[in-house]
Amino acid sequence: MIPRQVVYEALVDVFELSPVAICISTAEYVSRYIMANPAYLNLIGRSWEEIADQPMYLDTVRNLDDPNRLRRLHELETSGLYQLEEVDLRHSSGRIIPTLISTQRRTINGQTLDIEIIIDNSERKAFERGILEAAYTDVVTGLPNRAAFDHRLRNLLAQWHVDQGVALAYIDLNGFKSVNDRHGHLVGDRVLRHVAERLRGFVDPQRFAARIGGDEFVLLSTFPRDHAPTADDLHAFAETICTPMPVDDRQLAIGAAIGVAMCMTAIDADALLRQADTLMYAAKATGRTIAVDLGWIDGA
């Protein structure tokens, strides 16, 4: 039979050589490092001399009173363990590392400590982000698509602020079908990309642009109560996105019918979109190459 001491020494080797990050800490509200293996030190980009006996929260992202942290502490106190919890760690460079942590609380010879096994979850998170971005991105223009716009609009209206107004510009290109019919869909796609690039010039923390249909785009904006967009602002916007665009050796001109629905009170997303759509059709009915119809809607 192999002596217990030999088994203990083998387990120490497992701790030191494991490619999986492992650390041991005190079982306190502000826990401190007792021991960490090389894989853990490599994960956070620190040496043992830097972290020995230091508070572990210094290498995490959330505050000590973060609800998820408090829930994990409660599970340790009541059940003695938790498994595969998502916890972000901070690398010494400042980079955030998504991890999955499993922790078991043990009492050995009267000493209570926490043993943590940490899995780097960066690749899976990057893969998930890639899938989400693909699902929310229009493949022709690279702009957010209809699904991304719906998500953004509903989140924005759910977080309504009383000092904030919302403007939704619904943009339908005039003359785009004739471009496709005359020059082909490849040229049509290039026109769409030109329009998308011009819309990106308006995007900032208060403005969000998306392609929501074949030749339909939106620009969703927020503005302070006393700085609502004016008709002149919107006509200048329309002229900018409809400037003749170079495609091969020709200049192609398109127009746009734009309906702009604005609101200063909380409103249903479908109602705001419906109003912008109605205004867009009113602009199109004028027969002008570039036309803008602006209207206010009361969400009460």
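Reader: Which residue stands opposite D114 in β5?
Author: That's R105. Keep in mind that this is a predicted model.

Reader: Okay, and how many bridges join β4 to β5?
Author: Ten bridges link β4 (residues 96-108) with β5 (residues 111-120), and the two strands run antiparallel.

Reader: In what order do the strands of the open sheet come?
Author: The order is β2-β1-β5-β4-β3, five strands in an open sheet with antiparallel pairing.

Reader: Which strands stand at the edges?
Author: Those are β2 (33-36) and β3 (81-90). Each has a single partner strand, so one side of each has no neighbour in the sheet. On average, neighbouring strands of this sheet are turned by 30 degrees against each other, direction ignored.

Reader: Which helix lies across β3, β4 and β5?
Author: Helix α5, residues 122-135, lies across them. Helix α5 runs at about 140 degrees to β4.

Reader: Changing topic: where is D172?
Author: D172 is in strand β6, which covers residues 164-174.

Reader: Is D172 buried or exposed?
Author: Buried: its relative accessibility is 8%, and buried means under 20%.

Reader: What does the side chain of D172 make a polar contact with?
Author: With the side chain of K284, at 2.7 Å.

Reader: And which residues does D172 touch?
Author: Leaving aside residues up to four places away in sequence, D172 touches D215, E216, G255, A256, A257, M280 and K284.

How values were computed: Residues numbered from 1 in each chain as written. Predicted model: local features only at pLDDT ≥ 70, side-chain atom pairs only at ≥ 80, totals over all residues. Heavy atoms only, no water. Pairing = 2+ DSSP bridges. Helix = DSSP H or I, 4+ residues; strand = E, 2+ residues; numbered from the N terminus. Axes fitted to C-alpha atoms, helices over the stretch in contact; angles between N-to-C directions. Contact = heavy atoms within 4.5 Å. Buried < 20%, exposed > 50% of the residue type's maximum accessible area, 1.4 Å probe, protein only. Polar contact = N/O pair within 3.5 Å; in protein donor to acceptor, adjacent residues only side chain to side chain.
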